[in-house]
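Here is a short report on one protein chain. Keep the sequence and the 3D view open as you read.

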Amino acid sequence: MYLLYALPISGRKVCGKFSERKVAKGQKTCYNLSGSLHKSGTGTLSRAYHSGKGAIALKYKFISDSHTHSENSFDGKDSVLLLCERAAQLGLYSLTITDHCECHEYYANNVRQDIEGSVRDTLKARGVYADRLRIYTGIELGQPTQDPSAAAEALSLAEYDFVLGSLHNLRGEQDFYFLHYTADNVHDLLDRYFEELLELVKSDCFDSLAHLTYPFRYVAAEPSLRITPKDYADQIDTVLEQLAHQQKALEVNTSGLRQKIGVTLPDEAILRRFHELGGQYVTVGSDAHRWGDIASGIEDALPMLQRCGFSHFTVYQKRTPDLFPI
Ligand SMILES: [Zn+2]
Ligand SMILES: [Zn+2]
């Protein structure tokens with residue numbers, strides 16, 4: 001079995017969904033730019049894109065994406081290999097695969113199987129891309145304080161390079177994505193969010209805190225509420241102080257730039273505050289769930305970090321922070 005795939009050339013609009021396919025020996029398979037599949041009968045197997053044409057001129061010497069999801073996440077679309085291919089094509093310095101581990105449903109949903117698959121695929125890709133891209137093993141540990149034994153088991157499954165800490169849902173509630181926000185419930189939900197987020201930070205089981213302003217991604221979709229992170233400045237300061245005190249990283253998550261909220265998670269003001277409060281480490285991640293979003297928005301996030309006072313961003317390897325100049 002051979003794996004072949006094509007990627008779009010920079011600046012060209014891609015229609016349709018690309019995915020990697022296994023094909024029979026002796027048959028070459030690739031995708032054209034409209035996403036449709038075509039086959040040729042040659043016995044020569046090679047990647048269908050030519051690296052020189054697909055390469056994109058990067059403005060910064062070091063670009064790393066430290067938050068990405070493969071098909072080993074329940075909501076991920078593409079294989080680890082396809083994500084790596086895109087990262088290599090873009091000329092990234094490194095890529096970290098951080099598939100979901102939702103601890104509160106770890107046993108019910110057999111998340112262990114997904115995590116083991118993610119690490120296996122990532123290590124395999126590391127071998128395939130040894131001379132083109134640094135590839136790190138990671139995990140997005142969601143709600144670890146809601147089931148500490150699940151979190152401990154997930155962390156024992158591999159020697160991760162990087163652990164993101166996330167809070168996607170409050171205890172006993174659905175993911176913030178599914179909630180309906182009204183003037184009556186929104187403040188209670190957000191108060192509980194920041195309380196539980198502080199509990200997560202104090203649990204100390206992660207390297208970088210992911211998307212600190214996660215619920216605002218959805219609250220912002222209800223403009224009538226007119227609630228912004230500024231309304232929670234004191235609670236946010238407490239979380240930032242605790243992160244700085246524990247020498248943990250804060251993530252700047254660029255997914256917000258692709259969504260209605262239109263800013264990074266967290267935004268520039270919060271990143272500046274983290275610097276003022278003594279924060280040293282900031283990781284940068286696209287939160288891509290498909291190959292086309294790899295590194296998306298990172299070239300916008302880096303100058304923003306500079307404006308906030310950071311001269312470096314951070315990449316974790318073997319759970320140790322490495323600083324890279326912006
Ligand atoms: Zn997340
Ligand atoms: Zn994520």
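This is a predicted model: local features need pLDDT of at least 70, side-chain atom pairs count only at pLDDT 80 or more; totals for chains, interfaces and linings use all residues.

## Strand E10

Ala249, Glu251 and Asn253 point one way from the strand. Leu250 and Val252 point the other way. Residues on both sides are buried. In total, five of the five residues of E10 are buried, so the strand counts as mostly covered.

E9 covers residues 208-209, and E10 covers residues 249-253. These two strands run in the parallel sense and share two bridges. Leu209 stands opposite Leu250 of E10. E10 and E11 are also parallel, and four bridges join them. There, Val252 has Val284 of E11 as its bridge partner.

## The whole sheet

How many strands form the open sheet, and in what order? Seven strands take part, in the order E5-E6-E7-E8-E9-E10-E11. Their pairing is parallel. Strand E5 (64-65) and strand E11 (282-285) stand at the edges. Each has a single partner strand, so one side of each is left without a neighbour in the sheet.

Ser64 stands opposite Ser94 in E6. Is E6 enclosed or open to the outside? Nine of its nine residues are buried, so E6 is largely enclosed by the rest of the structure.

## Helix H2

Helix H2 spans residues 80-90. It packs on the sheet and touches E5, strand E6 (94-102) and strand E7 (134-142). The direction of H2 makes about 150° with that of E6.

H2 has 11 residues, and 10 of them are buried, so this helix is largely enclosed by the rest of the structure. The buried residues include Val80, Leu82, Leu83 and Cys84. Glu85 and Arg86 are also among them. After H2 comes Gly91, with a positive phi near 85°.

Two packed helices are described by the angle between their axes and the distance between the axes. Start with H5 (residues 186-203) and H7 (residues 233-245). Their axes come within 10 Å and cross at roughly 5°. H5 and H7 are therefore roughly parallel to each other. H5 brings Phe194, Leu197, Leu198, Val201 and Lys202 to the contact. H7 brings Gln235, Thr238, Val239, Gln242 and Leu243. By class, this contact has six nonpolar, three polar and one charged residues.

Now take H7 with helix H8 (residues 268-276). Their axes come within 9 Å and cross at roughly 45°. That angle makes H7 oblique to H8. The crossing is right-handed. Ile236, Asp237, Leu240 and Ala244 of H7 meet Ile270, Arg273 and Phe274 of H8. This contact has five nonpolar, no polar and two charged residues.

## Backbone details in the loops

Which residues does the cis peptide bond join? It joins Leu265 and Pro266, with omega about 0°. Pro266 lies in the loop between E10 and H8.

Gln143 has a positive phi near 55°, though it is a residue other than glycine. Find Gln143 in the loop between E7 and helix H4 (148-156). Arg226 is not a glycine either, and its phi is positive at about 50°. Arg226 lies in the loop between helix H6 (216-219) and H7.

Arg226 has 10 C-beta neighbours inside 10 Å. The cut-off for exposed is 12 or fewer, so Arg226 counts as exposed.

## The chain as a whole

Of its 326 residues, 43% are buried. Now consider contacts between residues at least 6 apart in sequence. Among these, 73% join residues at least 24 apart.

Methods
Residues are numbered from 1 along each chain as its sequence is written. Chains are lettered from A and ligands numbered from 1 in the order in which they are written. Axes are lines fitted to C-alpha atoms, for helices over the stretch in contact, and angles run from 0 to 180 degrees between N-to-C directions. Angles under 35 degrees count as roughly parallel, over 145 as roughly antiparallel, 65 to 115 as roughly perpendicular and the rest as oblique. Two residues are in contact if their C-beta atoms, placed from the backbone, lie within 7 Å. Ala, Val, Leu, Ile, Met, Phe, Trp, Tyr, Cys and Pro count as nonpolar, Asp, Glu, Lys and Arg as charged, and the others, Gly among them, as polar. A residue is buried if 20 or more other C-beta atoms lie within 10 Å of its own, exposed if 12 or fewer, and partly exposed in between; C-beta atoms are placed from the backbone. A crossing is left-handed if the near helix is turned anticlockwise from the far one by less than a right angle, and right-handed if clockwise. Two strands pair if DSSP finds at least two bridges between them.
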